[in-house]
Amino acid sequence: GWIIVESAYVHRAGIMYIRQLGLDDDKYIDGLRKLTQDIKKEGARVSIQLYHGGRRAQADLSGYQAEAPSPIPLYEGAPPPRELTRDEIEDRIDAYVRAAQRATQAGFDGVDIHAGHGYLISSFLAKFTNQRTDEFGGDINGRAKFLLEVVKRIRSKVGKDFVITTRINGSDFVIGGLTHEESKSVAKMVEKSGAN
């Protein structure tokens, strides 16, 4: 069988829960290696989800203000997240890549890039949470750029045999959210960018 281990944050700003798994630092590699070895001893393969909580992240746990492509609050009355700068976007993309490299060192057979549930990548994909006017906003091609860059850059670092999957919403079921048609389009783009 194939086991997918729960979400691990790729950058401290993306943490959502107490005692959540992290892949933002080399110090986690040894513990995760023990996990992968124990799983593989039983004959299974294993990957780990990579994610950043985005506007759902918890500032009291991370020490960072919640961040997103645009300063759209999670719900009415919630504090707005901080809009990521262009340089911060590059840093967060690189955080996914570094986390994937740590996953390979820990013995994982792949990573699952979590791009659903309103987390950071999901917020880039949806019109209502991504109101950017740069290359990371606009139509679905621009809104998917963050995810596609994550996939492309991870693939370039981990080689062809490492499994890269993605998890996206089929529909956000809200006005201005990701639609079924857009999700199908994104799935094709993600595969073309190097995901399995």
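**Reading the sheet and its helices**

User: Let's start with H1. Which strands does H1 lie across, and at what angle does it run to S2?

Analyst: H1 lies across S1 and S2, and its direction is at about 145 degrees to that of S2. Keep in mind that this is a predicted model. H3 also packs on the sheet, where it touches S2 and S5; its direction makes about 160 degrees with that of S2.

User: What kind of unit do S1, helix H1 and S2 make?

Analyst: Together, S1, H1 (residues 29-41) and S2 form a β-α-β unit, and it is right-handed.

User: How should I read the strand pairing, and in which sense do S1 and S2 pair?

Analyst: The general idea first: strands of a sheet pair through backbone hydrogen bonds, either parallel or antiparallel. Here, S1 (residues 2-9) and S2 (residues 45-51) pair in the parallel sense, over six bridges.

User: What is the order of the strands in the open sheet?

Analyst: The order is S1-S2-S5-S6, four strands with parallel pairing. S1 and S6 (163-168) are the edge strands, each pairing on one side only. From one strand to the next, the twist averages 25 degrees.

User: Now the helices. At what angle do H3 and H6 pack, and how far apart are their axes?

Analyst: Two packed helices are described by the angle between their axes and the distance between the axes. For H3 (residues 86-105) and H6 (residues 145-158), the angle is about 40 degrees and the axes are 9 Å apart. Their crossing is right-handed.

User: Which residues in H3 meet which in H6?

Analyst: On the H3 side, the contact includes Ile-89, Ile-93, Tyr-96, Val-97 and Ala-100, while the H6 side includes Phe-146, Val-150, Arg-153 and Ile-154. By type, the residues of this contact divide into nine nonpolar, two polar and six charged.

User: Last one: how many salt bridges does the structure hold?

Analyst: Side chains of opposite charge can pair when their charged atoms come close. The structure holds 22 salt bridges. One to inspect joins Arg-92 and Glu-67, with the closest N and O atoms 2.6 Å apart. That pair links distant parts of the chain, 25 residues apart: Arg-92 is in helix H3 and Glu-67 is in strand S3 (residues 67-68). Arg-92 is also among the H3 residues that meet H6.

Conventions:
Residues numbered from 1 in each chain as written. Predicted model: local features only at pLDDT ≥ 70, side-chain atom pairs only at ≥ 80, totals over all residues. Heavy atoms only, no water. Axes fitted to C-alpha atoms, helices over the stretch in contact; angles between N-to-C directions. Helix = DSSP H or I, 4+ residues; strand = E, 2+ residues; numbered from the N terminus. Left-handed = near helix turned anticlockwise from the far one by under 90°. Contact = heavy atoms within 4.5 Å. Nonpolar A, V, L, I, M, F, W, Y, C, P; charged D, E, K, R; others polar. Pairing = 2+ DSSP bridges. Right-handed = clockwise from strand over helix to strand, strands pointing away. Salt bridge = Lys/Arg side-chain N within 4 Å of Asp/Glu carboxyl O.
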